[in-house]
Amino acid sequence: MRRSFEKISSTVLSTFKSLLAVDWLSTVTYQEKMVRFFLNAYDDHKPGEPFAVDKEEVTAQIYDHLNSITKRLNPSRKNVDGGLYVGVTGISYMFYYLSKNPLLSENKSVYLKKALEYLKPALEVSAGDKTSFLLGDAGTYSLATVLYKEAGDENSAEMLKTYKSLYTQFLNPKFLKCGGDEFFVGRAGYLAGALWMTRELKTPVFTNEELYKICDVIVTSGKEYSTKHQSPCPLMYHYYNTEYLGAAHGMSFILQILLSVPGYLTYNKAAAKDIKETVEYLASLQTEEGNWPCCMEEVGLTDHKLVHWCHGAPGTIYTMAKAFLVYRDQRYHQAMLKAGDLVWEKGLLRKGPGICHGVAGNGYVFLLLHRITGDDKYLHRAKMFADFMVSDEFIRDARLPDNPESLYEGTAGTVCFLADLLVPDKAEFPFQDVFSTYSF
C-alpha cells in the first residue's frame, strides 16, 4: 500500500512539474512576444459589412501630428543628417505629400511653403553620401526637383541635372563594397528616385536605355554574387556581408524595382528569367504563418519575430504585389493575403508609430491590400491601426523612436499613412508605388 502511494505521489509530482514547466515556457513565449507587439484586441471586419473612414477624425489626428512635428523639429542644418529616412528632407517630403491630397487642398499653399522651408537646410549641407537615395543627398535632389517644379521654381532643372550627374557612378561594378544594389544607399534606391520623379513630373527622367543599363548592372551583380556563394536562386545580394531579404536592405526591394522599370523584362529576356526565378524563390520562403526570414542565415528556422517593413512581411508584400500585377499568378496573391493576416495579428508594434518598424508602416499593408482587392476588410484593419496609435495603451507603453518626428522612424510617416486613409484608392508607401507603369 505504501509503495503504491509513493508511486502515485511520484507520478503526481512529476505531472505537476511538467505543468509548471509548460506554464513557464508559455509565459516566456508570451512575454517575448509582448516585447515586440501589443495584442490586437480589435474585432475584425465582418464579411459584407460596409465600412467608411471618419475623415474628420483622421484629419484631426493629422493636424495634431503636424503641430507637434513643427514644434519639435526645426528646419535647421543640425537636423539634416539621415536624409529622407530621419532628416529634415523627410519632413519636407511629408508636407509635399500632403499638398497633393485632394481632401487637404485648402492648405496646399501652406504645405508647399513648409516643404520648401524644411528642404532648404538639406540643400545647404550634405545629408551623407551624395549617391545615397534614402540616407544621403540623392534623395534631397530628387525631392527638390519635384518640389521646385510644383512651386514654379526654375531651380528644378538644376536639381534634376545634379541628380542625373550621379548616374555613371552606379554603372561601376565596384560602386560600393558594402553592397551597392539595395534601397538605402544603392542602385535600387537611385532607380526608385528616378521612377518617382518620372511619375511626379509626368515626363521621363532617364531614357529606358539608361535605366536598363543600371538594371543590367544590378542583375549581373546578383548573378555573380549568387554563383560565388552558391546561392539557391539565380540572383542574390548582400549588405555588409548579410544576405538580407526584406525591403530595407535586401532582395525584395531590389526585385520590386527590377519588375517596375518599364519594359526591362522584355528588353533583357535572360535577366527576366533570372528575376522571375528569384521572385519565385523569395515567395517560397514565406512561412506557414505568413512571414519571411530577415536574411538567408535564418532560412529554415521556425520562428521569425520581425514583422516590420524593413525586415519581414510588411515590406516583402510589395514585391509579391508587384509580382502579382506583372505575372498575374495567384500564388503571389495568396502570399499577400497570408502576409496581411499575419500583420493583423502581430503588427501593432511596440517600437512606435513609424513606417520602417512601426504601426503606421504595418497599417500601409492593409491600404495596399485594399487597393488590390477592393475588400473593405482591409480598410477597416488600416483604420484600427490608426486608432491604436491614439489609444492610451500605445501612448503609455510604446517606445519612443530615436528620431520621433522623422519620415521613416517617427510621426511624419504616420501623417502620410493617415493622409492615405483619407484617399485609400491612391494610397502608397513612400517610393513603393506598385501600380504605376512609369511610362509617358
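**Entry 1: the whole chain**

I began by settling what counts as an element: helices are DSSP runs of at least four residues and strands are DSSP runs of at least two, numbered from the N terminus. With that in hand, I looked up the chain in this predicted model and found 18 helices and zero strands. I then turned to the radius of gyration, which is 23 Å and close to the 22 Å that the globule rule gives for 440 residues, so the chain is as compact as a globular protein of that length. I also noted the extent of the C-alpha trace, which spans about 100 × 55 × 45 Å along its principal axes.

**Entry 2: burial, contacts and charge**

I looked up how much of the chain is buried, and the share comes to 57% of the 440 residues. For contacts between residues at least 6 apart in sequence, I found that 70% join residues at least 24 apart. The accessible surface is about 19500 Å², and carbon and sulfur atoms account for 52% of that area. I recorded 47 positive and 52 negative side chains, with the centres of the two sets 3 Å apart.

**Entry 3: helix α9 and its surroundings**

I next followed helix α9, which runs over residues 208–228, has 21 residues and reaches 30 Å from its first C-alpha to its last, close to the 30 Å expected at 1.5 Å a residue. Which residues of α9 are buried? I listed several of them, including Leu-211, Tyr-212, Ile-214, Cys-215, Ile-218, Gly-222 and Tyr-225. As background I kept in mind that an α-helix has 3.6 residues a turn, so residues three or four places apart point the same way. I then asked what covers the buried residues of α9, and the cover includes α8 (187–201), α10 (251–260), α11 (264–267) and α12 (269–284).

**Entry 4: the loops on either side of α9**

I looked at Lys-202, which lies in the loop between α8 and α9, and saw that its phi is near 60 degrees, a positive value in a residue other than glycine. Lys-202 has 60% relative accessibility and therefore counts as exposed, the cut-off for that being over 50%. After α9 comes Gln-230, which lies in the loop between α9 and α10. Gln-230 has a positive phi of about 50 degrees although it is not a glycine, and I noted that it counts as exposed because its relative accessibility is 72%.

**Entry 5: Ser-156**

I found Ser-156 in helix α7, residues 155–164. Is Ser-156 buried or exposed? Its relative accessibility is 8%, so Ser-156 counts as buried, since buried means under 20%. Leaving aside neighbours within four places in sequence, I found Ser-156 in contact with Thr-145, Tyr-148 and Lys-149. I also looked up the separation of Ser-156 and Lys-177, which are 21 residues apart in sequence and 32 Å apart in space, C-alpha to C-alpha.

**Entry 6: Gly-413**

My last entry concerns Gly-413, which lies in helix α18, residues 411–422. At 0% relative accessibility, Gly-413 counts as buried. Not counting residues up to four places away in sequence, I found that Gly-413 touches Ile-355, Ser-406 and Leu-407. Between Gly-413 and Phe-429 I noted a distance of 9.1 Å in space, C-alpha to C-alpha, with the two 16 residues apart in sequence.

Note on methods. Residues are numbered from 1 along each chain as its sequence is written. This is a predicted model: local features need pLDDT of at least 70, side-chain atom pairs count only at pLDDT 80 or more; totals for chains, interfaces and linings use all residues. Side-chain values use heavy atoms; hydrogens and water are left out. The radius of gyration is taken over C-alpha atoms; the globule rule is 2.2 Å times the number of residues to the power 0.38. Buried means under 20% relative accessible area, exposed over 50%, partly exposed in between (1.4 Å probe, protein chains only). Contact means heavy atoms within 4.5 Å. Accessible areas come from the Shrake-Rupley method with a 1.4 Å probe; for residues, only the protein chains shown count as cover. Lys and Arg count as positive and Asp and Glu as negative; His and the chain ends are not counted. The place of a charge is taken as NZ of Lys, CZ of Arg, CG of Asp or CD of Glu. The expected span of a helix is 1.5 Å times one less than its number of residues.
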